[in-house]
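Here is a short briefing on one protein chain. Take a look at the structure first, then work through the points by topic.

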Amino acid sequence: MKEIKKKTLFIVGSGPGDPELLTIKAYKAIENAEVILYDNLINQEILQIADKNCLKHYVGKHPYGKYVPQEEINELILHYCSIFDRVLRLKGGDPYLFGRGFEEWLTVQNRSIDITYIPGISSMQGAGLHNIPLTHRGVSEGVWVLTGMKKDGTLSSDLQLAVQSRSTVVIYMGMRKLDEIARTYVLHGKGETTASIIQHASLPQQRQVHCKVKDLVKISKEYNMGHPAIIIIGDVVNLQHTLTLATEKRHII
């Protein structure tokens, strides 16, 4: 008897934007997809990898602006999976890191649809392209990754704990919460901690600013830093400069 081929939903991370940072598995899945549902953060060059007959459906979500509701995206996934064999949900960064990818996994489970998750390089890892390691021996003991905007619109309460640690703090979707973030650090006596706001980490239009965490609001306005962006807080932000100064002092001595 001929084996019945199951339809497959690919949940794929496209990384921080640069097509060369795609995994090989992600590249092959995009190349062979019949349908791609993609977000507004997807680099158009990545979509060009797909076959010319591939149906591309935009389901983007502009930060704090117009968006396609998650419920509608879920319905579209089910619709396309009922018609096509290879449906691909393409997300920026990694689908399971503040990407709602697992919500879409849950949508198709128990529906005779195979699911293939393909991880992507997260935006926070793009900090390394700006000479910011997320951890460094003797400087950062770990990484706290938080959302700046929970479902109810509030800042993650975990920041109250993270600010007391010696770990690097990375905040996604936090540009509307800069004042609260800065205030939290100031109240804990850590307003002088270094911070960085990074946009488009791996792309030609990438932008980055450094400041003290207490000055996040002022610097973001001064340099017109908007969405989307990630906020990195901790001594690793200024590590390159600190180590360079230390080396120069040793040479002088």
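**Helix 1 and its neighbours**

The buried residues of helix 1 pack against strand 1 (7-13), strand 2 (35-38), helix 2 (44-47), strand 4 (86-91) and strand 5 (113-118). Keep in mind that this is a predicted model. The protein chain holds eight helices and ten strands.

**One face of a helix**

- Helix 1 covers residues 24-32. Its buried residues are Ala26, Ala29 and Ile30.
- Looking down the axis of helix 1, the buried residues fall within an arc of 100°, so they line one face of the helix.

- The largest nonpolar core has 22 residues. Ile181, Ile197, Leu216, Ile231 and Ile233 have the most contacts inside it.
- Seven elements each supply at least two residues of this core: helix 5 (159-162), strand 7 (168-172), helix 6 (178-187), strand 8 (194-199), strand 9 (207-212), helix 7 (216-222) and strand 10 (230-233).
- Helix 6 gives the largest share of this core, three residues.
- A second, separate core has 18 residues. Among them are Ala29, Ile30, Ile42 and Ile49.
- Which residues does Leu216 touch, leaving aside its neighbours within four places in sequence? Leu216 is in contact with Leu178, Ile181, Ala195, Ile197, Cys211 and Ile231.

**An exposed leucine**

- Leu187 is found in helix 6.
- Is Leu187 buried or exposed? Leu187 has a relative accessible area of 70%. The cut-off for exposed is over 50%, so Leu187 counts as exposed.
- Leu187 and Val143 are 44 residues apart in sequence. In space, their C-alpha atoms are 21 Å apart.

**The second largest pocket**

- About 220 Å³ of space lies in the second largest pocket.
- This pocket is lined by 16 residues. Ser165, Arg166, Ser167, Lys190 and Asp235 lie nearest its centre.
- The lining of the second largest pocket divides into seven nonpolar, six polar and three charged residues.

**The whole chain**

- The protein chain has 253 residues, and 45% of them count as buried.
- The C-alpha atoms of the chain fill a box of roughly 80 × 40 × 35 Å, taken along the principal axes.
- Take the contacts in the chain with a separation of 6 or more: residues 24 or more positions apart account for 67% of them.

Terms used. Residues numbered from 1 in each chain as written. Predicted model: local features only at pLDDT ≥ 70, side-chain atom pairs only at ≥ 80, totals over all residues. Heavy atoms only, no water. Buried < 20%, exposed > 50% of the residue type's maximum accessible area, 1.4 Å probe, protein only. Helix = DSSP H or I, 4+ residues; strand = E, 2+ residues; numbered from the N terminus. Arc of directions from axis to C-beta. Contact = heavy atoms within 4.5 Å. Core = buried A, V, L, I, M, F, W, Y, C linked by side-chain atoms within 4.5 Å. 1 Å grid on protein atoms, 1.4 Å probe; cavity = no way out; pocket = protein on both sides within 12 Å on 5 of 7 lines; lining within 4 Å. Points joined across faces, edges and corners; volume = space filled by probe spheres on them. Nonpolar A, V, L, I, M, F, W, Y, C, P; charged D, E, K, R; others polar.
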